[in-house]
Amino acid sequence: MTSLKSGLFGAAAIALSAIALSPAILTGAALADTPKDSLVMAWQFDDIVGLDPAEIFEFSGAEYSAQVYDRLIHFDPTDVSKIEGEVAESWTVSPDGKTFTFKIRDGIKFHSGNPLTADDVAYSFRRAIKMNKGPAFILGQFGLTPENVDQMVKATDPRTLVFTTDQTYAPTFVLNCLTADVASVVDSKLVQSKEKDGDFGAGWLRVNSAGSGPFSLKQWKASELLLLDANPAYWRGAPGLKRVLIRHIAEPATQRLLLEKGDVDVARNLKPEQFEPLKANSAVRLTPSPKGTLWYFSLNQKNPALAKPEVREAMKYLVDYEGMAKTIMNGQGAIHQTFLPKGFLGALDDKPYRYDPAKAKELLAKAGYPNGVTVTMDVRNTTPTQDLAQAIQASAAAGGVKIDIIPGDGKQVLTKYRARNHDLYIGQWGADYQDPHTNAETFAANPDNSDAAKSKPLSWRNAWDIPELTKKTNAAVVESDGAKRAAIYQDLQRSVLADSPFVIMFQQIEVIAERNSLSGMVWGPSFDTNVYWKAVKK
């Protein structure tokens with residue numbers, strides 16, 4: 001914190017540091033406006049557990065990575081059906097659909113000054129596969145393994161990358177996967193120089209950056225601050241602002257106060273009741289940004305009671321969808337009960353469930369629990385997660401289900417969930433890439449339900465063993481006919497809606513509060529399409 005106070009951000013940094021350390025600042029002391037050349041943001045980002053794109057698998061981490069790294073290709077955030085080149089300027093697909101050849105742009109440089117070549121792209125993909133962390137499956141699903149990836153992904157010359165798949169897939173499926181965060185391009189020379197004991201430089205990159213994007217990492221303190229410096233040599237043009245300071249401000253009320261006083265430019269986690277007063281503030285605007293993100297809670301099938309089909313169904317009738325939509329969400333989410341968000345191929349908008357505690361009691365009695373059940377719910381200490389959990393706790397009690405809430409920070413809750421040690425978990429799920437398979441393979445496939453499984457989708461986290469749905473999900477991804485593929489995903493959604501341990505409630509609408517002095521921020525359909533480098537201030 002001392003380095004920030006010594007001149008990097010001047011008065012705004014001192015003010016933000018004081019806010020983090022002392023509630024006394026909230027009593028009315030005047031604070032300085034943010035610097036004209038800097039973006040200052042208040043955000044809850046305690047879900048970040050590391051900064052290596054081969055490991056990042058959280059919303060906040062993905063947004064960070066999008067500012068620091070370039071990817072091979074991306075989709076247009078205003079029209080997700082359009083795939084565009086980024087590091088790649090063009091590509092071709094072989095007649096058999098198994099070989100994708102990308103031409104790499106000339107003249108791109110990493111923050112280190114090293115030139116970006118096809119060798120860096122190949123290294124990045126190989127590294128992700130060989131490290132085999134959470135997001136590696138996005139590339140691995142094309143038959144890439146630590147043993148064969150050197151042959152499947154090759155740089156045939158400095159400007160040419162050849163990516164080969166194990167079988168023919170729908171081309172858009174392959175390309176959509178290559179827009180994912182795990183496909184970020186790292187500086188191979190720099191990362192390899194930081195390797196220790198064969199770790200692929202992971203220990204170093206977890207807290208440093210090696211990208212070519214519009215910003216580079218200056219400093220990260222978990223659940224405290226994230227500081228980025230602009231890359232003036234960025235190949236698409238220098239960022240409009242010289243630096244970005246993101247402070248972890250947990251309290252929405254504090255975020256609002258900072259925004260109104262001009263001490264931050266952006267507030268990300270306000271509650272709906274704070275929107276109305278801000279609408280009357282001429283210095284502030286509210287920007288809604290629909291996301292391909294779902295709010296859901298899930299039932300661990302290792303719990304014998306929750307594994308009963310009647311109990312799974314009962315829980316879907318113990319949610320007051322309408323009530324929460326009008327109060328807690330209030331513009332931050334639309335009722336949505338299927339696993340594909342609107343905008344995806346084959347997405348359904350069926351909403352068969354409503355709040356009906358009497359029906360839930362009947363189902364519980366049928367399952368052998370006439371007196372109800374008692375379970376725990378792991379809940380992240382963020383807004384509106386806590387509010388949703390408390391509302392579900394109250395509505396479920398009326399139907400005979402007692403829920404004991406276990407609060408924790410993002411890392412605590414996610415670690416427990418990924419270890420399958422929960423009863424109920426509530427949270428968000430965002431698409432890893434703009435293709436229906438991204439959600440189908442996590443909600444409707446579980447190739448190995450054992451504790452030692454290599455693939456660990458949400459169905460695995462909740463111990464839902466579904467061999468037949470897994471086969472159907474695998475069939476959908478190789479179907480080249482768009483209409484037939486959409487029909488398969490619609491059938492999958494109906495099956496998951498009727499029988500799964502997932503209670504899907506809302507599709508997220510992120511409402512961002514910004515000072516009117518700030519313009520140019522891009523708020524896309526996913527967190528890794530939120531872009532800062534075009535922002536300017538007046």
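Biologist: In this predicted model, is Phe200 buried, exposed or partly exposed?
Modeller: Phe200 has a relative accessible area of 22%. Buried means under 20% and exposed means over 50%. Because 22% falls between those limits, Phe200 is partly exposed.

Biologist: Where is Phe200 placed, and what is its phi?
Modeller: Phe200 sits in the loop between α8 (188–193) and α9 (202–205). Most residues other than glycine have a negative phi. Phe200 is not a glycine, yet its phi is positive, near 60°.

Biologist: Arg420 also has a positive phi. Is Arg420 buried or exposed?
Modeller: Arg420 has a phi of about 60° although it is not a glycine. Its place is the loop between α16 (410–418) and β16 (424–430). The relative accessible area of Arg420 is 4%, so this residue is buried.

Biologist: What is the strand order in the open sheet of four strands?
Modeller: The edge strands are β4 (88–93) and β6 (153–157), each pairing on one side only. The pairing is antiparallel, and the order is β4-β5-β7-β6.

Biologist: How many bridges join β6 and β7?
Modeller: β7 covers residues 160–164 and pairs with β6 in the antiparallel sense. The number of bridges between β6 and β7 is four.

Biologist: Which helix packs on this sheet?
Modeller: The helix spans residues 118–131 and touches β5 (99–104), β6 and β7. Its direction makes about 170° with that of β6. The helix is α4.

Biologist: Which residue's backbone nitrogen lies 2.9 Å from a polar atom of the Thr470 side chain?
Modeller: Thr470 is in helix α19 (residues 467–477) and is buried, at 7% relative accessible area. Beyond its neighbours within four places in sequence, Thr470 is in contact with Ala444, Ala445, Asn446 and Pro447. The backbone nitrogen at 2.9 Å belongs to Asn446.

Biologist: Arg285 and Glu514 form a salt bridge. What is the relative accessible area of Glu514?
Modeller: The pair meets at 3.6 Å, N to O. Arg285 is in strand β12 (residues 284–299) and Glu514 in strand β17 (residues 502–515), 229 residues apart. Arg285 is partly exposed at 26%. Glu514 is buried, at 3%.

Biologist: Which helices does the salt bridge between Asp499 and Arg312 tie together?
Modeller: The N to O distance is 3.0 Å. Asp499 is partly exposed at 35%, whereas Arg312 is buried at 7%. The two residues are 187 residues apart in sequence, and the helices they tie together are α20 (residues 482–499) and α12 (residues 309–316).

Biologist: How many salt bridges does the model hold?
Modeller: Some share partners: Glu63, Arg268, Lys291 and Glu510 are joined into one network. The count of salt bridges comes to 30.

Biologist: How far apart are the end C-alpha atoms of α20?
Modeller: Helix α20 has 18 residues, and at 1.5 Å a residue these should span 26 Å. The end C-alpha atoms agree with that, lying at a distance of 26 Å.

Biologist: Which residue caps the N-terminal end of α20?
Modeller: The buried residues of α20 include Tyr489, Leu492 and Val496. Their cover includes α7 (171–177), α12, α17 (437–443), α19 and β17. At the N-terminal end, a side-chain oxygen lies 3.1 Å from the backbone nitrogen of Ala483, and the capping residue is Asp481.

Biologist: What is the relative accessible area of Val319?
Modeller: Val319 is in the loop between α12 and α13 (321–329). Its contacts beyond four places in sequence include Phe297, Tyr355, Val503 and Met505. Val319 is buried, with a relative accessible area of 0%.

Terms used: Residues numbered from 1 in each chain as written. Predicted model: local features only at pLDDT ≥ 70, side-chain atom pairs only at ≥ 80, totals over all residues. Heavy atoms only, no water. Pairing = 2+ DSSP bridges. Contact = heavy atoms within 4.5 Å. Axes fitted to C-alpha atoms, helices over the stretch in contact; angles between N-to-C directions. Buried < 20%, exposed > 50% of the residue type's maximum accessible area, 1.4 Å probe, protein only. Polar contact = N/O pair within 3.5 Å; in protein donor to acceptor, adjacent residues only side chain to side chain. Salt bridge = Lys/Arg side-chain N within 4 Å of Asp/Glu carboxyl O. Expected span 1.5 Å × (residues − 1).
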